[in-house]
Amino acid sequence: MGSYDGLVGSYLLWQLPPNIKNRVDLYRDDGLGAFSETSQQIERIKKEICKKFSSNHLKITIEANKKIVNFLDVTLDLQKKTYEPYSKPNDSPLYVHSDSNHPPSILRNIPVAVNRRLSELSCNNESFCKAAPIYQRALDESGYKHQLEFEPTRN
């Protein structure tokens, strides 16, 4: 971890051939790539990426040929072509209490922002409703009266 993770990872990926680097993205020390090649070809790509990191005395862990992946705060299912919010097991959100001395505009926007983010991470109402209870409980415990509702994204 550290502030240079993204820069180092980006630099190393930049050194890879275009057919690899153009299909991989990084966020700090997490990366995600999508390839339509065969499992055997993907294993070769994986080895090439590992070799590049290893030649710079860095270790990298790559899980290849997955159809469902948790990346940051979203679960992507390539077979069903769906996505939904993801949180680590035993992780519970915590929000600033509605009675705190934060500026009113901040307090007003917390539940709205939670609702928007959950909606953006949900491909449909079903996935939203599956994820919403832990966020609704956290909002309730923080004194907010907002009821979470799915809002389909416009784009």
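S127 sits in helix α5; helices here are DSSP runs of H or I with at least four residues, strands are E runs of at least two, and both are numbered from the N terminus. Is S127 buried or exposed? With a relative accessibility of 5%, S127 counts as buried, where buried means under 20% relative accessible area, exposed over 50%, and partly exposed in between (1.4 Å probe, protein chains only). Setting aside neighbours within four places in sequence, S127 touches Y83, E84, P85 and S122, contact being heavy atoms within 4.5 Å.

A quick word on the model: it is predicted, with local features needing pLDDT of at least 70 and side-chain atom pairs counting only at pLDDT 80 or more, while totals for chains, interfaces and linings use all residues. Residues are numbered from 1 along each chain as its sequence is written, and side-chain values use heavy atoms, with hydrogens and water left out.

## Helix α4

Helix α4 runs over residues 104–120, and its 17 residues reach 25 Å from first C-alpha to last, close to the expected 24 Å (1.5 Å times one less than the number of residues). There's a bend of about 30 degrees at I110, and a proline, P111, follows within four residues; the bend is the angle between axes fitted to the seven residues ending there and the seven starting there.

The buried residues of α4 are L107, I110, P111, V114, N115, L118 and S119. Their cover includes β5 (82–85) and α5 (125–141).

## Two positive phi values

Most residues other than glycine have a negative phi. H57, not a glycine, has a positive phi of about 60 degrees. H57 is in the loop between α3 and β3 and is exposed, at 75% relative accessibility.

L72 also isn't a glycine, and its phi is positive too, near 55 degrees. You'll find L72 in the loop between β3 and β4 (74–77), partly exposed at 39% relative accessible area.

## The largest pocket

The largest pocket has a volume of about 1,400 Å³. A pocket is an open set of points on a 1 Å grid over the protein atoms alone, where a 1.4 Å probe fits, with protein on both sides within 12 Å along at least five of seven lines; lining residues have an atom within 4 Å of a point. Volume is the space filled by probe spheres set on the points, which are joined across faces, edges and corners.

Its lining has 40 residues, with G31, L32, G33, I62 and E63 nearest the centre. Helix α3 gives the largest share, six residues.
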